[in-house]
Amino acid sequence: METAIGIDLGTTFSAIATIDEYGKPVVIKNLTGDTLTPSVIYFENANETIVGYEAKERQFFGEENIVSLFKRRMGNENFERSFHGKVFNATDLSSILLKKIKEDAETVLNKKISSAVITVPAYFNDFQRKATINAAENAGLKVLKIINEPTAAAIAFGIKQDKNQTIMVYDLGGGTFDVTIMKIEENVIKVIATGGAHELGGKEWDDRLISYFATKFKEEFGTDPIENKIAFNDLLVKAENTKKQLSTAYFAKFSIVCDGNRGNYEISRSKFEEITEDLLQQTALEAEKTLKEAALNWKDIDGVLLVGGSTKMPAVSEWVERMSGKQPIKGINVDEAVCLGAAICAKNELEKENPTLSLSGKKSFNIEEVMSHSLGMIAENNDRTKYINSIIIPKNKTIPAHETRPYRFYTAKSENNEMEIYLTQCETEIIGDGNIVGKFLFSGIEKTAAGVSIIDVEYNYDKNGTVQIAATQRETQKKLQMRQTPLPEDMSWIDMPPEQQQITVTSRLSVVFAVDLSGSMAGQPLKQAQKAAKEFVNKLDLSKTSVSLMPFADKVQVNQELTQDKKLLFSGIDNWTLMKHEGTVGWGNATHPFDKAADLLKNMDTHRFVIVLTDGMWLRQNIAIEKAKKCAAQGIEIIAIGFGKADLKFLKEIATSDKNAMFTNIDGLVTSFSKIAQVITESAGKLRV
C-alpha cells in the first residue's frame, strides 16, 4: 500500500511525517538529521537551490539570492521574486520547498512518495488553498487533502483521548496565528468555529526585539543598524535566538556590530513581554471572538491545546491559564503535532473515501471541518443604491458545503451578455479591503423577452476548503460558460452607487445620442438635456468610443457625425440651442430617431447603442415602438431616458430591456453598462421583487 504522508508546510519551518509499521505517526527526519526544515531557499545559480539550514545560515551571513516567509504571500498574484534572471511567485517557491522535503523523506524511507495530505492555516482563503495545491502538484505530489493546521493538531491529540472534550486549539507559529474551537468525541472530531490573523506569528515578536535593540544602538552611536544590510541580517538571527533563550531564561544578552561600533545590551523576560504585550493581546481578541462565534464561554472549554513553536514563550501559557482557568493541555509536541495529524489523515484518505480514521486499532474518527470564511459575491442591493457583499455560504458551516442563490440580471440583445462575479470572503455586507479574492466572467446569457433574467449562482466548498463556482440561467436551464480573469487594479467603483458609476469600456462602442427637441424642450428642459449629454460624454472613454448627435422632433437631423473628438461633441451639443430657436427639426413629436440611427450604425463593427433623451409624449408611439424593435433586432441596444412629462411605460417599450428604460436625471445615464447582478429574495420558489 502507498505510504501515508503528512506535510506541515510552515512559514518558518516545515515538517513531514508518516505512519510506521506499528500504526504510529512519526516525524521523518531530513538528511541533516533534523525533524524541522527551515522554510528558507538559497538560489545558488539559475538551476540549483539550497533549502533548509544551510540556506538559513547563508541568510545569517548576508548573502544575496535568499528568500523566506513566502508562505504569507501564497495566492498573492502581485508577489514575485527574481533570482538569476528567473521570476518566482509564492507558489513556485513553495514547490521548491516541498520538493526538497519530499526528496529527503524518500531517501530516509527508501520509498517513492507520490501523494500527501498538506496542512494550511485555517484562515487561508480560496486562492491560498488552490496555490498550495498547485505548489504540491508542481513538486510531484498528488494532494490527498488540504487540512487546516489546528484540525491536524487536534487529530494528533485526539487519538490519545478516552473522553469527550471541547477544546480550543491555539496555534501560534513562526508567521501565522489560528484559533479553533472543536469537539472531540468518541467517533468524531468536529470543528465548531475558527479564526486567526494573517500576519501574526513569532516573526512579529522577533521584529519587536530588533526594533528595541536597534533603537538603543542608534541612541548610543547615531547609526541605525536596520539600514545596514549585513547588520540587519545579523539582527534577524539574533532576535530569533534571543526570543528562544527568554523562553527558558529570565535574561538574555544581545550584541550589535555596525559601522565599526559594537553595542552590548541585555533584556529581561519581563521587558520582552512588556514590548510584545499588544501582540499577545491580538491573539486574545481572536480567541474571544472565536468563542463568541461558537456561542461558548471559557467555562465551556475543557482545555486549550497549544500548537506551534511560538507557544513555547511562557507568556502564552500564562495567558491561557489566566483566561481559561486551566493549565494548557500537555503531552503533545507543539512543533510536530500538525504534521503528525496530517499523516494520520493521509492514512485515512488512502484507506477509505470517507474520512474515518483507524488509529492503532483503538478508535475511529469522523472529521468535520468548517469554513473559515463566509463566501459571497459583490452585488447591487435590492434598490440599486449601493454595492454590497452578498453572502452565499456563511462562515463556520460544515464542509463540504453547497448553496445556490438567485440574482437578477438585465440582458441586452446587442452584446454578449456577461455577468461579472467578484468572489468575496467577508463576514458582513460591507465590502472590506482585501476581501475580494477572485473575478469570474459568466457568458452565454440569452436575452429574455422582458430583458431581465434570473441567474442561479452556485457555490461549492469542497473538502479542501477550495471554492467552485457555477451559474445557470433559469429561463433556459443552461449552465453558463465561465472564465477567471485578474482582478482590476482599480476597484474604486464599489464605493459609488451603481447608478452613478463611470462607464468602463472594455471594447469599442458606437453611440448615437438622440435628443428630443420638440416644443416642450424649450428653456430649462433643453439646458438639462445639454448638461446631461455633456456629462455623459465626460463619462465615456473616447479612445474607444465614437458618438454621434441626432436631434429630432418632426424630422431627424444628424448635427454631428460619429466622432471621438470631445470638442466637436460639446460644440454640437451647444448648437442644439440655435437649432431649437430656429426650429431646425420642427416643433412637434411626429417622428422617431431609430431608422436614421440604424442606418448610421449599420456598418459599425462595434457594440452599438442609441440613447434617447426625451421629456414628453410622442405622436406616433406605435410606429416608434415598431421601429425601435427593428433596430434592436439588428443588434443595436436602445437606452431610453425620460424626464418631465415623459411616459415610463413607453420608454420601456422602446428600450431593449426594462433596465435600459428610466425616468431619472443625469445620474442614471450609465446604468445599462453594469455587468453586476442584483440581489433579489426568493420564497417557496417565487421571487419577491
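## Threonine 223

In this predicted model, threonine 223 lies in the loop that runs between α5 (202-221) and α6 (229-245). Its relative accessibility is 19%, and threonine 223 therefore counts as buried, since the term is applied under 20% relative accessible area.

When neighbours within four places in sequence are left aside, the contacts of threonine 223 are with Phe217, Lys218, Cys258 and Asp259.

## Packing of α8 and α9

Helix α8 (residues 277-293) packs with helix α9 (residues 314-324) at an angle of about 35°, and the axes of the two helices are 11 Å apart. The crossing in which α8 passes α9 is right-handed.

On the side of α8 the contact is made by Leu280, Ala284, Ala287 and Glu288, while α9 contributes Ala315, Val316, Trp319 and Met323. Sorted by class, the contact of α8 with α9 has 7 nonpolar residues and 1 charged residue, with no polar residues.

Rolling a probe the size of a water molecule over the atoms shows where empty space is left. In this model the count comes to 3 cavities of 30 Å³ or more, and the largest cavity has a volume of about 70 Å³.

The largest cavity is lined by Ser14, Ala15, Ile16, Ile28, Lys29, Asn30, Asp34, Thr35, Thr37, Ile101, Asp104 and Ala105. At least two residues of this lining are supplied by β2 (13-19), and at least two by α2 (90-109). Divided by class, the residues lining the largest cavity are 5 nonpolar, 4 polar and 3 charged.

Notes. Residues numbered from 1 in each chain as written. Predicted model: local features only at pLDDT ≥ 70, side-chain atom pairs only at ≥ 80, totals over all residues. Heavy atoms only, no water. Axes fitted to C-alpha atoms, helices over the stretch in contact; angles between N-to-C directions. Helix = DSSP H or I, 4+ residues; strand = E, 2+ residues; numbered from the N terminus. Left-handed = near helix turned anticlockwise from the far one by under 90°. Contact = heavy atoms within 4.5 Å. Nonpolar A, V, L, I, M, F, W, Y, C, P; charged D, E, K, R; others polar. 1 Å grid on protein atoms, 1.4 Å probe; cavity = no way out; pocket = protein on both sides within 12 Å on 5 of 7 lines; lining within 4 Å. Points joined across faces, edges and corners; volume = space filled by probe spheres on them. Buried < 20%, exposed > 50% of the residue type's maximum accessible area, 1.4 Å probe, protein only.
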